[in-house]
Structures are given as structure tokens and as C-alpha cells.
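Work through the exercises below with the sequence and the 3D view at hand. Try each task before reading its solution.

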Amino acid sequence: MKNDLRILRMSPLFKGVKEQDMEEMISCLNGQVKTYGKNERILTEAETLKRVGVILDGCVQVESEDVFGNRNIQEKLERGELFGAAYAFSGITDSPVSITSISESKVLFLEAGRILSVCPTACPFHQKMVENMVYILARKNVMLSEKIGHISKRSTRGKLLSYLSSQSKKAGSRHFFIPFNRQKLADYLCVERSAMSAELSKLRGEGLLDYKKFEFWLYGQD
């Protein structure tokens, strides 16, 4: 558990909470740790989600799928990050997304209802966690708005350039890495993989960018 506490210190949910208080907080929130294998489902669509998950190890992916089997990747999350909060707090009985462990993963689950309710033992750190949760949800809203900005572009080319430009700005460099392989990038941008790959080849041929697997270089005029 001590190693898990070190991971939790990196999580924005526990920002400002002393390590010696964490075990008491986890107990207060009825914390439970579960492990998952690669490609194992943590949550399926239409399930009810009443808990918030904090990733202690591994990587998970939040996605949705329409009736025709088209997949939309909403986000990829790694160690220390949080998932399920918006759906757990919204009161939605049927989850509109599924959550998959895309590597061997370890997750700490906390009861959402206990996070928002007044703690019967008046934990001094409970209010801090509520403040942190508001911050996390606000950040996720910003990320969702960013994705909408990418996929609202009319063409595959426009979506690609919008996304790659944002990744370059985040890295502070025209040389950067993205978290998706080609299929998952296509799913994230809601485009056909073949059309996206063809557009990437055109952009490379025009001298606007270069790439190698997850690694990208953007060119053009400064």
C-alpha cells in the first residue's frame, strides 16, 4: 500500500493531502483496489457507475461505440489519473461509455457519493478533495471542448492539423509524440483510418510534416 500512496500523491485528486492522511481518507471513501488484464473491460456501456477510479498502475481508455460498430475514443488515461467522475456524479443510470484496461492495470475505486457528502467524522482533508474534484472536472471539460474543436473541422486534413498543432503547442516544440497509434488516432478524430493515412502521406509529401509511429515533426513557415 505504501507504493500506492506514493502514486496517489501524484494524482490531482489527492493534491494538498498529506500522505499520512491518505489511508484514513481511502477508508472513509470505502476505497477498494482491483487489478485488470490487458484489454479487460472495467465498465461496459449501459452499466451504472457509482464509483470513481484512480489509476495506480497501467493505462485505461474511455470509449463509446454506435450501433454500427464505429468506435469513438474519448480519452486515454495513465497512472495517477482519474476516470468515471462525470458519469458517477451525474446520476446517469446507464453509462454512455465503456472503459477498457489497455494494459495490465491496477485501479483504486472510491465511492462517489461519499466524496460529495458531508463526512460524519469531519475529516479535515475531505473539503480539499471536493475542491480537487471540481478542478479535475473543469479540466476534463476543457479537454472535451478541445476535442470538439478538432472533430468539428470539415475535412480529415483539417482534423489532423488541428490535433497535431495542439499536441505541438502542449509539447512546446514542433517535435513531439502522440499517445495514439494510427487506428486509435482515427477513432479519436472520428475519421476512417485509410483516409487519415492517405492524408498524412499527402501532408508529408507537401513537406508540412514528417512522422514515425508515435513521433511527429511539424514544418512549414515559422
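The exercises follow, each with a worked solution.

This is a predicted model, in which local features need pLDDT of at least 70, side-chain atom pairs count only at pLDDT 80 or more, and totals for chains, interfaces and linings use all residues. Residues are numbered from 1 along each chain as its sequence is written, and side-chain values use heavy atoms, with hydrogens and water left out.

**Exercise 1. Strand β7**

Solution: 
- Step 1. Strands (E, at least two residues) and helices (H or I, at least four) are DSSP runs, numbered from the N terminus.
- Step 2. Look for pairing, which requires that DSSP finds at least two bridges between two strands.
- Step 3. Check burial (buried is under 20% relative accessible area, exposed over 50%, partly exposed in between, with a 1.4 Å probe and protein chains only).
- Step 4. Compare the faces. In a regular strand, side chains alternate between the two faces of the sheet. In β7, S98 and T100 are buried on one side, I99 and S101 on the other.
- Step 5. List contacts, meaning heavy atoms within 4.5 Å. Leaving out residues up to four places away in sequence, S98 touches R41, L43, T44, E45, Q61, V62 and E63.

**Exercise 2. An open sheet and its helix**

Task: In what order do the three strands of the open sheet lie, and which helix packs on the sheet?

Solution: 
- Step 1. The order is β9-β11-β10, with antiparallel pairing.
- Step 2. The edge strands, each pairing on one side only, are β9 (175-177) and β10 (209-212).
- Step 3. Neighbouring strands are turned by 20 degrees against each other on average, direction ignored. Axes are lines fitted to C-alpha atoms, for helices over the stretch in contact; angles run from 0 to 180 degrees between N-to-C directions.
- Step 4. Four bridges join β10 to β11 (residues 215-218). D210 has W217 in β11 as its bridge partner.
- Step 5. Helix α6 (residues 156-171) packs on the sheet and touches β9, β10 and β11. The direction of α6 makes about 105 degrees with that of β9.

**Exercise 3. Two helices**

Task: Describe how α5 and α6 pack.

Solution: 
- Step 1. Helix α5 (residues 126-151) meets α6 at an angle of about 140 degrees, with the axes 7 Å apart.
- Step 2. Classify the angle: under 35 degrees is roughly parallel, over 145 roughly antiparallel, 65 to 115 roughly perpendicular and the rest oblique. Therefore α5 is oblique to α6.
- Step 3. Name the residues. E146, G149, H150 and I151 in α5 meet K159, S162, Y163, S166 and K170 in α6.

**Exercise 4. Helix α7**

Task: How many of the eight residues of α7 are buried, and what do the buried ones pack against?

Solution: 
- Step 1. Helix α7 (residues 182-189) is mostly covered, with six of its eight residues buried.
- Step 2. These are R182, L185, A186, D187, Y188 and L189.
- Step 3. They pack against β5 (71-78), α5, α6, α8 (193-205), β10 and β11.
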